[in-house]
Amino acid sequence: MITIQRSAIGTAPGKLDFLGGFSESNGGLTLQVQTQAKTTVLATEGSDPVLNITSTQRGQFSTKIRAFKELLAANPDNLQAKQWLDDFEVPVWARYVAACVIIFNREFSWTPHAGLSFAISSDVPIGVGVGSSAALEVATLHALEKLSGRYFSERLVTKLIASSV
């Protein structure tokens with residue numbers, strides 16, 4: 001039996017704030033520059049019935065895709081999605097990826113045909129204010145765009161991330 005897998009890669013850099021720091025969260029202006037460090041996400045749609053998220057920095061999370069696809073079909077609001085993530089004990093780092101799939105599905109009504117795997121590699125330092133979580137979300141959304149063939153504007157990417165679960 002031949003197993004066909006489709007894959008796509010998304011990348012995003014870290015960021016460094018020169019002026020303004022965290023003022024963007026209060027509607028202020030910030031002068032930022034991209035770092036050379038980046039996050040790469042390889043998204044693969046395969047035949048195994050699992051949602052698998054693997055990170056070179058954080059480890060692995062896996063669950064049966066059926067439960068996740070049922071969640072996507074229900075088009076959950078943020079509170080319902082968070083409850084699902086809690087019920088399935090999704091680690092905090094893997095929630096960034098799962099939330100991206102949820103909001104991507106909300107925007108485009110896209111659901112993987114079978115299983116879905118994400119392999120994350122990053123040299124963006126975690127927890128030091130250089131945008132490691134934003135880089136993960138943007139790289140994941142770009143990988144999903146390429147995998148699904150559905151694209152949105154950079155402005156919409158910012159909006160989606162701001163509204164993430």
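# Notebook: surface, core and salt bridges

I began with the surface, and the accessible area of the chain comes to about 9100 Å², of which 55% belongs to carbon and sulfur atoms. I note at the outset that this is a predicted model, with an average pLDDT of 85 over the chain and 86% of the residues scoring at least 70. Of the 165 residues of the chain, 40% count as buried.

**Layout.** I listed five helices and five strands, and from the N terminus on they run β-β-β-β-α-α-α-β-α-α. When I looked at contacts with a separation of 6 or more, I found that residues 24 or more positions apart account for 70% of them.

**Core.** Which residues have the most contacts inside the largest nonpolar core? In this core of 37 residues, they are Val-41, Ile-53, Phe-68, Val-101, Leu-116, Phe-118 and Ile-120. I then checked which elements give two or more residues to this core, and they are strands S1 (6-19), S2 (31-46), S3 and S5 (115-122), together with helices H1, H2, H3 and H4 (132-148). As a general remark, nonpolar side chains in soluble globular proteins tend to be buried together.

Is Asn-52 buried or exposed? With a relative accessible area of 14%, Asn-52 is buried, because the cut-off for that label is under 20%. Beyond its neighbours within four places in sequence, Asn-52 is in contact with Gln-60, Phe-61, Ser-62, Leu-116, Ser-117 and Phe-118.

**Salt bridges.** I counted four salt bridges. In one of them, the side chains of Arg-6 and Glu-45 meet at 2.8 Å, N to O. Because Arg-6 lies in strand S1 and Glu-45 in strand S2, this pair ties together parts that are 39 residues apart in sequence. I looked up the cover of both partners: Arg-6 is partly exposed at a relative accessible area of 40%, whereas Glu-45 is buried at 5%.

A further salt bridge joins Arg-66 to Glu-70, with the closest N and O atoms 3.3 Å apart. These two residues are four apart in helix H1, so about one helical turn separates Arg-66 from Glu-70. Arg-66 is exposed, with a relative accessible area of 63%, while Glu-70 counts as partly exposed at 45%.

I also noted Arg-95 with Asp-86, whose closest N and O atoms are 2.8 Å apart in a salt bridge, and I found that Lys-82, Asp-86 and Arg-95 are linked in a network of salt bridges. Arg-95, at 21% relative accessibility, counts as partly exposed, as does Asp-86 at 31%.

**Backbone in the loops.** Asn-75, with a phi of about 45°, lies in the loop between helix H1 (65-73) and helix H2 (78-87) and counts as partly exposed at 46% relative accessibility. Glu-89, with a phi of about 50°, lies in the loop between H2 and helix H3 (92-108) and counts as exposed at 68%.

Note on methods:
Residues are numbered from 1 along each chain as its sequence is written. This is a predicted model: local features need pLDDT of at least 70, side-chain atom pairs count only at pLDDT 80 or more; totals for chains, interfaces and linings use all residues. Side-chain values use heavy atoms; hydrogens and water are left out. Buried means under 20% relative accessible area, exposed over 50%, partly exposed in between (1.4 Å probe, protein chains only). Contact means heavy atoms within 4.5 Å. A nonpolar core is a set of buried Ala, Val, Leu, Ile, Met, Phe, Trp, Tyr and Cys residues joined through side-chain atoms within 4.5 Å. pLDDT is the predictor's confidence in each residue, from 0 to 100. Accessible areas come from the Shrake-Rupley method with a 1.4 Å probe; for residues, only the protein chains shown count as cover.
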